[in-house]
Amino acid sequence: MFSVVVFLCLESWAEKPLKKVRPEAEAEAHFLKKDRAQASTVLLESIKKLGPTSEKRKQLSRQLDQFLEMFYTEAAQKIYEQGNSLYAKEPALALEKFEEAKRLEPDNVLVLENIARLNIHSKSCGKASEELKPVLKLNPYRQNALVLMLKAFECSGDLAEAEKFYTTGAPWRLEIHKF
């Protein structure tokens with residue numbers, strides 16, 4: 001008798017559809033496990049399914065940027081802020097601070113973008129574009145990184161590569177021109 005009751009309970013449980021997890025919640029769970037890449041993948045899959053003017057898309061994009069910009073550790077954030085305070089007057093020291101923050105949080109986009117920006121200013125154009133590749137992998141729609149990548153190509157004098165990137169590698173190009 002007991003086995004029949006258990007069987008019936010299991011059978012009714014198996015028939016119920018599994019509750020679908022919202023992408024925001026799934027991404028947040030990955031972020032809390034310090035897996036920015038997976039959080040990014042989850043949100044990007046949802047973003048790609050939505051139209052460019054969708055409110056939901058804007059919300060998911062903001063959440064993605066928050067996950068990519070937020071620091072996991074106070075130490076990395078402090079070092080990043082020190083780099084920001086040195087940025088204008090002592091760019092070489094600022095770069096050292098950003099590199100130190102990168103060692104603590106290698107996939108924080110604020111850190112990577114500032115390293116790229118300083119590399120562009122010091123004419124280390126190839127280094128700048130290398131710093132931006134992981135940012136664009138995490139969020140190919142990130143405006144700051146896209147503009148910095150174009151500046152890195154301009155810095156290197158490779159305008160043909162900049163044009164190629166703009167026309168084929170920048171997913172936002174169509175969205176900007178659709179009003």
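Tutor: Please keep in mind that this is a predicted model.

Student: Which residues of helix H2 are buried?

Tutor: In H2, which spans residues 23-32, the buried residues are Glu24, Ala27, His30 and Phe31.

Student: Why do the buried residues of H2 line one face of the helix?

Tutor: The general idea comes first: an α-helix has 3.6 residues a turn, so residues three or four places apart point the same way. In this case, the buried residues of H2 fall within an arc of 125 degrees when seen down the helix axis, so they line one face. After H2 comes lysine 34, with a positive phi near 65 degrees.

Student: Which residues does glutamine 63 touch, not counting residues up to four places away in sequence?

Tutor: With that exclusion, glutamine 63 touches Glu24 and Leu43. Glutamine 63 belongs to helix H4 and is buried, with a relative accessible area of 13%. A polar atom of its side chain lies 3.4 Å from the backbone oxygen of glutamate 24.

Student: How many aromatic pairs does a search of the whole structure find?

Tutor: The search finds five aromatic pairs. To read such a pair, one takes the distance between ring centres and the angle between planes; planes under 30 degrees apart count as stacked, over 60 as edge-to-face and the rest as tilted. The rings of tyrosine 80 and phenylalanine 98 have centres 5.5 Å apart and planes at 45 degrees, so this pair is tilted. Because tyrosine 80 lies in helix H5 (residues 74-86) and phenylalanine 98 in helix H6 (residues 91-104), the pair ties together parts that are 18 residues apart in sequence.

Student: Are tyrosine 80 and phenylalanine 98 buried or exposed?

Tutor: Tyrosine 80 is buried, with a relative accessible area of 10%; phenylalanine 98 is buried as well, at 0%. Elsewhere, Phe31, Phe67 and Tyr72 form one aromatic cluster.

Student: What sits over the ring of tyrosine 141?

Tutor: The charged end of arginine 57 does, 5.0 Å from the ring centre.

Student: How far apart in space are leucine 148 and glutamate 113?

Tutor: They are 7.7 Å apart, C-alpha to C-alpha, while 35 residues separate them in sequence. Leucine 148 is in helix H9 (residues 143-156) and is buried, with a relative accessible area of 6%. Not counting residues up to four places away in sequence, leucine 148 touches Glu113, Arg117, Ile120 and Leu132.

Definitions and conventions. Residues are numbered from 1 along each chain as its sequence is written. This is a predicted model: local features need pLDDT of at least 70, side-chain atom pairs count only at pLDDT 80 or more; totals for chains, interfaces and linings use all residues. Side-chain values use heavy atoms; hydrogens and water are left out. Buried means under 20% relative accessible area, exposed over 50%, partly exposed in between (1.4 Å probe, protein chains only). Helices (H or I, at least four residues) and strands (E, at least two) are DSSP runs, numbered from the N terminus. The arc is that of the directions from the helix axis to the C-beta atoms. A polar contact is a pair of N or O atoms within 3.5 Å; within protein, one must be able to donate a hydrogen and the other to accept it, and residues adjacent in sequence count only if both atoms are side-chain atoms. Contact means heavy atoms within 4.5 Å. Rings of Phe, Tyr and Trp (its six-membered ring) pair if their centres lie within 6.5 Å; planes under 30 degrees apart count as stacked, over 60 as edge-to-face and the rest as tilted. A charge sits over a ring if NZ of Lys or CZ of Arg is within 6 Å of the ring centre and within 35 degrees of the ring normal.
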